[in-house]
Amino acid sequence: MKSTFYALALSFMGLSSSAFAQNFNLALDNTRATPGKQCATMEVLKAQMAADPSLAKRMAAVEEQTRAFEANLAAKGKGAVGGVVTIPVVVHVLYNTAAQNVSDTQVRAQIDVLNKDFAKANSDANLVPSAFAGLAANTNIQFALAQQDPTGASTGGILHVQTKVSSFSTNDAVKNSKRGGDDAWPASQYLNLWVCNLGGGLLGYAQFPGGTAKTDGVVVLYSSLPGGSAIPYDKGRTATHEVGHWLNLRHIWGDASCGNDLVNDTPTQQTSNYGCPTYPHVTCNNQGDMSMNYMDYTDDACMYMFSVGQSARMNAVFGAGGSRASLLSSPGATAPRQLATASQAQVRLYPNPATQTLNVSVPEKQATTWSVKVYDLSGYEMKQARYDGQGRVTVASLPQGLYQVVMSDGQQTIRQRFQKD
């Protein structure tokens, strides 16, 4: 089993969160500088922990729940949550040039790669060496483009947003509309995947469970999607790697010399691998590195497996008390119920745009029988917009922008947008 400095800290969760943070920082400080390093997830984590001391405590709690989940699975002889977990995905395509504005077809191809890789249905799964064949796992985790947005309106799950920013970095500007990016949809309901141009030779980065909701998700280089120009990282495996981080996997070498990735069935290896190593590449007295694992740094064409232990660790976030368990009840991947055209046509919002008061005309029943709420386009209720029960909504205190009014009489729900000037 693996035995580096922070393995002990995570095995005995009685340690303080400050010890947790210190051990993680030690791991990061001992990470070797490697040529062509492409994933900045651990560097981002280090910056987040420095900026938010409470993050260590939250991540320690995630690890405690993970260990309990793994122990329960071991007792039952299982490696995954019962049934398939389907995660709703919203893809934010940020583009400064036409080349960066990847097509919906390419985005769907990326979702297909994720689904095959996480289900061990990838065409290259048969290349796993016999020594690891019994460890290659179907994780029972799948991904679906969102069919309804946070307000319940129909969506294709792909947002194309033009930006003046020519190249993004790891500072999370891509996740902030005020900084040239696009705001996250609620992290409790969706996996946010930002596709953009990244500088500095970076392929992507992700946020581990326990981080801040408004920056939660995965960022990948636009040209790393299937068929992109980032050869040899052009088969969509960057997203597979980064989503692995988002589901609480570490780099397989533990970000230290002969380090610990917190998974028992992945061999301890000295450092990251690049290119297409020939098995066995023996380091740290192992029987050969698991260089074909998605959490190494090999070429896209030469990584093609998650292990059973990694599958259990990822499934833990969906278990009881898991940090991503709310995704199990998300309606995001379900198409919204279609409304009666006649009822929709009878609704009027006026004036539109509105500055002080928005008048609501609803069909069939008196205004007093309807509930009327206002949401921003990210799905957050704007409680300062008050409905008086008589067909008037006070919107004076709303910032300028687009909003959605959701009206319901208990039998039907009608949504319409308006602009606040």
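This is a predicted model: local features need pLDDT of at least 70, side-chain atom pairs count only at pLDDT 80 or more; totals for chains, interfaces and linings use all residues.
A pocket is an open set of grid points with protein on both sides within 12 Å along at least five of seven lines.

**Close-up B. The largest cavity and its 14 lining residues.** How many cavities of 30 Å³ or more does a search of the whole structure find? There is one, and the largest cavity holds about 110 Å³ of space. Look for Gln38, Leu203, Thr238, His241 and Tyr297, which lie nearest the centre of this cavity. Helix H7, residues 237–246, gives the most to the lining, with four residues. By class, the cavity lining has five nonpolar, five polar and four charged residues.

**Close-up C. Helix H4 meeting helix H8.** To describe two packed helices, we use the angle between their axes and the distance between the axes. Here, the axes of H4 (residues 54–76) and H8 (residues 308–316) come within 9 Å and cross at roughly 125°. H4 and H8 are therefore oblique to each other, and the crossing is right-handed. On the H4 side, Glu63, Gln65, Thr66, Arg67, Phe69, Glu70 and Leu73 take part; their partners in H8 are Gly309, Ala312, Arg313, Asn315 and Ala316. The residues of this contact divide into four nonpolar, four polar and four charged.

How values were computed. Residues are numbered from 1 along each chain as its sequence is written. Side-chain values use heavy atoms; hydrogens and water are left out. Axes are lines fitted to C-alpha atoms, for helices over the stretch in contact, and angles run from 0 to 180 degrees between N-to-C directions. Helices (H or I, at least four residues) and strands (E, at least two) are DSSP runs, numbered from the N terminus. Angles under 35 degrees count as roughly parallel, over 145 as roughly antiparallel, 65 to 115 as roughly perpendicular and the rest as oblique. A crossing is left-handed if the near helix is turned anticlockwise from the far one by less than a right angle, and right-handed if clockwise. Contact means heavy atoms within 4.5 Å. Ala, Val, Leu, Ile, Met, Phe, Trp, Tyr, Cys and Pro count as nonpolar, Asp, Glu, Lys and Arg as charged, and the others, Gly among them, as polar. On a 1 Å grid over the protein atoms alone, a cavity is a set of points where a 1.4 Å probe fits but cannot get out, and a pocket is an open set with protein on both sides within 12 Å along at least five of seven lines; lining residues have an atom within 4 Å of a point. Grid points are joined across faces, edges and corners, and a volume is the space filled by probe spheres set on the points.
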